[in-house]
Amino acid sequence: MINGGQNLKRILIADDDVVMKHLVTSIARKEGYDVVAVDDGREAFRILQSDANFCAAVFDMMMPGLEGLDIIRYMKTEKRLMRIPVMMITSEQSLELMARSFVAGVTVFLPKPFTAEKLQFTLQMLLNGKPAAPRTLRSS
Amino acid sequence: MKFVSKTPTMIPSFDLSVLKCFESIQMEDEPDIIVELIDLYLEDVPRRFELMRSAISAGDRSEVQRQAHTVKGSSGNLGARGISQICDRMEHLTPVGPRFSMPMLMDQLELEFSAVSVMLLQERARRLGLRC
């Protein structure tokens, strides 16, 4: 399947910070999504050039090479990619930056620091309130 | 309005409860998520400190700020608020009239990281002990 269908549960995550990438990946997997995680914007760009099979994308705002906003601007020029909602994670609190990001095509913002619950909620919001089936949790 | 501390005083540096909130994403039959996060953090941050030291020596302000921005994000998310605040100062330090220089803040940052590392390693050992 090249273009995303209703049951698509695949998310692209790009973050150059290994800690944040692992955190976001773990939370998305717990929410039942398959994750493609990459280290920077260039790698995300490379993947998106040949693969549009994602139900959502999560980008860090500041990455070396291509920043989150650069990738979103590219996505908005490609018909096969423009349907993918994008969450931007950032520790910047600038209203001007947020405004520019929404104009570029960001769907939702998640400010750092965040809790697991906040990210889970934002992911669900990104996907129109349709959380994927959660995977089995460790019993306490 | 953004709060900016006017003094470099050490603040309570680490809130373990912030890190522990990620226990909720632990999945069955997978390694302890908290231990994984601790290991990644303790491996990644010193590498970034090296880059920051080199950039300070080279006068590469933007690289210092970029690395400080990244460390700020991960530290804040794991509860290392002291480190996060020092990084925030470094990220927003202006070239004109800084009250604290980059090398001084870098020293403070590494001192703070040493203290946080001890607490993280204690938590790591405790968790691995519990799981043995």
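Helices and strands are taken here as DSSP runs, a helix having at least four residues and a strand at least two. By that rule, chain B comes to five helices and zero strands. The model is predicted. Along the sequence, chain B reads α-α-α-α-α. Chain A has five helices and five strands. Its elements follow the pattern β-α-β-α-β-α-β-α-β-α.

Chain A has 140 residues, and 51% of them are buried. Chain B has 132 residues, of which 46% count as buried. Contacts were also sorted by separation in sequence. In chain A, 64% of the contacts with a separation of 6 or more involve residues 24 or more positions apart. In chain B, among contacts between residues at least 6 apart, 67% join residues at least 24 apart.

In chain A, helix α2 spans residues 41-50 and helix α3 spans residues 68-75. Their axes come within 9 Å and cross at roughly 15 degrees. Angles under 35 degrees count as roughly parallel, so α2(A) is roughly parallel to α3(A). The crossing of α2(A) and α3(A) is right-handed. From α2(A), the contact draws on G41(A), A44(A), F45(A), L48(A) and Q49(A). From α3(A), I71(A), Y74(A) and M75(A) take part. By class, the contact of α2(A) with α3(A) has six nonpolar residues, two polar and no charged.

In chain B, helix α2 covers residues 33-58 and helix α3 covers residues 61-78. Here the axes come within 9 Å and cross at roughly 160 degrees. Angles over 145 degrees count as roughly antiparallel, and α2(B) and α3(B) are therefore roughly antiparallel to each other. The crossing of α2(B) with α3(B) is left-handed. On the α2(B) side, the residues are L37(B), Y41(B), V45(B), R48(B), F49(B), L51(B), M52(B), A55(B) and I56(B). They meet E63(B), V64(B), Q67(B), A68(B), T70(B), V71(B), S74(B), S75(B) and L78(B) in α3(B). This contact of α2(B) with α3(B) divides into 12 nonpolar, four polar and two charged residues.

Two positions in chain A were followed through their contacts. S101(A) lies in helix α4, residues 95-104. Its relative accessibility is 0%, so S101(A) counts as buried. Beyond its neighbours within four places in sequence, S101(A) is in contact with M61(A), L69(A), V106(A) and F109(A). P85(A) is in the loop between α3 and β4 of chain A, the latter being residues 86-90. At 16% relative accessibility, P85(A) also counts as buried, because buried means under 20%. P85(A) and V58(A) stand 27 residues apart in sequence, yet their C-alpha atoms are 8.7 Å apart in space.

The cysteines were checked for pairing. The structure holds zero disulfides over all chains. A disulfide requires two cysteine sulfur atoms within 2.5 Å. For C21(B), the closest cysteine sulfur is in C87(B), 20 Å away, which is too far for a bond. C21(B) is partly exposed, with 22% relative accessibility.

Most residues other than glycine have a negative phi, and most peptide bonds are trans. In chain A, a cis peptide bond joins K112(A) and P113(A), with omega about -5 degrees. P113(A) is in the loop between β5 (108-111) and α5 (116-126) of chain A. In chain B, phi of D29(B) is near 65 degrees, a positive value in a residue other than glycine. D29(B) sits in the loop between α1 (16-20) and α2 of chain B. With a relative accessible area of 74%, D29(B) is exposed.

Conventions
Residues numbered from 1 in each chain as written. Chains lettered and ligands numbered in written order. Predicted model: local features only at pLDDT ≥ 70, side-chain atom pairs only at ≥ 80, totals over all residues. Heavy atoms only, no water. Axes fitted to C-alpha atoms, helices over the stretch in contact; angles between N-to-C directions. Parallel < 35°, antiparallel > 145°, perpendicular 65-115°, else oblique. Left-handed = near helix turned anticlockwise from the far one by under 90°. Contact = heavy atoms within 4.5 Å. Nonpolar A, V, L, I, M, F, W, Y, C, P; charged D, E, K, R; others polar. Buried < 20%, exposed > 50% of the residue type's maximum accessible area, 1.4 Å probe, protein only.
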